[in-house]
Amino acid sequence: MSRNRVAALAVAAAVPLLGGCGIQETDPIEAGGPATVEAFYNRDDDMMLFFRTPDGGLNPVLRTVRSSAGFNGDYVEPGSATPPGPPRTEKTVLALLAGPREEDRAAGLTTALPLARPGTTVTVKTTPGGTVTTDLPFPLKDLDTTARHQLTCTIAYSRASDGKVVVKLRGQDGASSSDTCGLAP
């Protein structure tokens, strides 16, 4: 027998032995969902805006509107130009209508809403029953479900820390709709 043939037979005999090393075959094991990051929402200093994710869902994004007292030596003095308490809902909605920032777009976030034009205004009122009514600067009938949810969740969390308020949207076209957020960021 030639040397090559003996080497080939030795390799062929060793392969089944290596396969029987005692490791049992298993099915794939689910390791869980994607990683998450916990952010701390301070209603007095932050706005929570909701943008569309690549899969069509919504993702909250925090925007800081003023420095927090006690951090990095910053201090918001009494009587400063920025009133204490949560940012006004009108300001929060206008920030949402400005669209995602560059870093948001880099993370894959987009918007289903029309962008605000310069000088755009939004009016927000709360009825005695607690419903938050927002008059929008564009027709409501043209908005898809994602756009309405972006507005509803952004407005709900600007008014209540748990986001549990009824939000009524009214468009320039006279159309209106009421809904709740239903998301827990």
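The chain contains 4 helices and 6 strands, where helices (H or I, at least four residues) and strands (E, at least two) are DSSP runs numbered from the N terminus. The model is a predicted one, in which local features need pLDDT of at least 70 and side-chain atom pairs count only at pLDDT 80 or more, whereas totals for chains, interfaces and linings use all residues. Residues are numbered from 1 along each chain as its sequence is written, and side-chain values use heavy atoms, with hydrogens and water left out. Read from the N terminus on, the elements follow the order α-β-β-α-α-β-β-α-β-β.

Of the 185 residues in the chain, 30% are buried; buried means under 20% relative accessible area, exposed over 50%, and partly exposed in between, with a 1.4 Å probe and protein chains only. The chain exposes about 12200 Å², and carbon and sulfur atoms supply 53% of this area. Accessible areas come from the Shrake-Rupley method with a 1.4 Å probe, and for residues only the protein chains shown count as cover. Among the contacts in the chain with a separation of 6 or more, 57% are between residues 24 or more positions apart. A contact means heavy atoms within 4.5 Å.

Strands of a sheet pair through backbone hydrogen bonds, either parallel or antiparallel. In this chain, 4 strands form an open sheet with the order 3-4-5-6 and mixed pairing; two strands pair if DSSP finds at least two bridges between them. Strand 3 (123-126) and strand 6 (176-179) are the edge strands, and each pairs on one side only. On average, neighbouring strands of this sheet are turned by 20 degrees against each other, direction ignored. Axes are lines fitted to C-alpha atoms, for helices over the stretch in contact, and angles run from 0 to 180 degrees between N-to-C directions.

Strand 3 pairs with strand 4 (residues 132-135) in the antiparallel sense, over 4 bridges. These two strands form a hairpin with 5 residues between them, and Gly-130 in the turn has a positive phi of about 100 degrees. Within the pair, Val-124 stands opposite Thr-134 in strand 4, and Lys-125 stands opposite Thr-133 in strand 4. Strand 4 and strand 5 run parallel and are joined by 4 bridges. Here Asp-135 stands opposite Arg-170 in strand 5.

Helix 4 (residues 145-159) lies across strand 3, strand 4, strand 5 (167-170) and strand 6, and runs at about 130 degrees to strand 5. Helix 4 also meets helix 2 (residues 89-97): the axes of the two helices come within 10 Å and cross at roughly 150 degrees. The crossing of helix 2 and helix 4 is right-handed; a crossing is left-handed if the near helix is turned anticlockwise from the far one by less than a right angle, and right-handed if clockwise. On the side of helix 2, Thr-89, Thr-92, Val-93 and Leu-96 take part, and they meet Gln-150, Leu-151, Thr-154, Ile-155, Ser-158 and Arg-159 in helix 4. The residues of this contact divide into 4 nonpolar, 5 polar and 1 charged. In this division Ala, Val, Leu, Ile, Met, Phe, Trp, Tyr, Cys and Pro count as nonpolar, Asp, Glu, Lys and Arg as charged, and the others, Gly among them, as polar.

Helix 2 is largely enclosed by the rest of the structure, because 7 of its 9 residues are buried. The buried residues of helix 2 are Thr-89, Glu-90, Thr-92, Val-93, Ala-95, Leu-96 and Leu-97. Their cover includes strand 1 (46-52), strand 3 and helix 4. Thr-92 counts as buried because its relative accessibility is 2%. Apart from its neighbours within four places in sequence, Thr-92 is in contact with Met-47, Met-48, Leu-49, Pro-87, Thr-154 and Ser-158. After helix 2 comes Gly-99, which has a positive phi near 90 degrees.

Asp-46 lies in strand 1 and, at 8% relative accessibility, counts as buried. Asp-46 and Arg-63 are 17 residues apart in sequence and 5.3 Å apart in space, C-alpha to C-alpha. Phe-51, also found in strand 1, counts as buried at 0% relative accessibility. Between Phe-51 and Pro-100 there are 49 residues of sequence separation and 7.1 Å in space, C-alpha to C-alpha.
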